[in-house]
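Hi,

Here is the model I promised to pass on.

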Amino acid sequence: MSKNNIFPHEWTVEQTLIQRRAVRNYDQDQNISSQELQKILKLATYAPSSWNLQHWYFLVVSEKEMKEKLYAVAHQQNQILDASAVIIVLGDLEAYRNFEQIYQPFLAAGFMDEERYFKMKTDIYAYYENNSSGARDEAIRNASLCAMQLMIAAKAQGYDTCPMIGFEVAALIDRFNIPPRYIPVMLISIGRATGKTSRTTRLPLQSRITMEHF
């Protein structure tokens, strides 16, 4: 894959990180193709996750009627209606069920022996099946890592985003028939910004660092 395909504006990774903004004003006439969206979501899935269980799931909302339903349960935030699409990032409370699909190929290829495979499976199942609070923490934590990578990937492809946590959880689950296996983590709008976007200030780095110990 060429550099130009990854960074259409020929930005470095550093420049992409700096240029990313939380954008709330989008060009309503700008659509995002299925191919472009799939590419952004694919790049997002290279985020790290505990035990590589990949605790994320994406519910993509792009049709006008569905965006209006989302708008109603997300405090009427205009970016939901104006964006090309909104991704409902879900955390998987039962991510341990992905174990065999993820690790069977390693076992079959000889990269993992059976003893290690079954010990890991036992440990993972024991943690998740007897620890609902831990499963919830892992779902939110790892889905959030993926969400951040999604926003960076979108910016690298020339799209702007905005993360949102302002929504009614129960109503969102009900309106979109979200299975109990998943917990809503955040919404991410995707589109092309209208007008100039400004950089919010950042606290001085040294005010955010303590070396070695407090």
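Leu205 counts as exposed because its relative accessibility is 58% (exposed means over 50% relative accessible area, buried under 20%, partly exposed in between, with a 1.4 Å probe and protein chains only). This residue sits in the segment after strand 4 (182-191), where helices (H or I, at least four residues) and strands (E, at least two) are DSSP runs numbered from the N terminus. Together with Ile209 and Met211, Leu205 makes a nonpolar surface patch of about 320 Å². Patches take residues with over 30% relative accessible area and no salt bridge, joining like charges within 9 Å and nonpolar side chains (Val, Leu, Ile, Met, Phe, Trp, Tyr) within 5 Å; the areas are Shrake-Rupley values with a 1.4 Å probe, and for residues only the protein chains shown count as cover.

Before going further, some housekeeping: this is a predicted model, so local features need pLDDT of at least 70 and side-chain atom pairs count only at pLDDT 80 or more, while totals for chains, interfaces and linings use all residues. Residues are numbered from 1 along each chain as its sequence is written, and side-chain values use heavy atoms, with hydrogens and water left out.

Now the sheet. Strand 2 has eight of its eight residues buried. Ala85, Ile87, Val89 and Gly91 point one way from it, and Val86, Ile88, Leu90 and Asp92 point the other way. Strand 2 runs antiparallel to strand 1, with six bridges joining them (two strands pair if DSSP finds at least two bridges between them), and Leu59 stands opposite Ile88. Strand 2 is also antiparallel to strand 4, through eight bridges; there, Asp92 has Tyr182 as its bridge partner. In strand 3 (residues 160-164), four of the five residues are buried.

(A nonpolar core is a set of buried Ala, Val, Leu, Ile, Met, Phe, Trp, Tyr and Cys residues joined through side-chain atoms within 4.5 Å.) Leaving aside neighbours within four places in sequence, Leu150 is in contact (heavy atoms within 4.5 Å) with Ile40, Leu41, Ala44, Phe58, Ile87, Ile188 and Ile190.

**Salt bridges**

The structure holds seven salt bridges, each being a side-chain nitrogen of Lys or Arg within 4 Å of a carboxyl oxygen of Asp or Glu. Lys121 forms one with Glu100, the closest N and O atoms being 2.5 Å apart. The pair links distant parts of the chain, Lys121 in helix 7 (residues 114-129) and Glu100 in helix 6 (residues 99-109), 21 residues apart.

Within helix 8 (residues 132-156), Arg141 and Glu138 lie three residues apart, about one turn, and meet in a salt bridge at 3.2 Å, N to O. Glu138 is buried because its relative accessible area is 12%, whereas Arg141 is partly exposed at 45%.

Cheers
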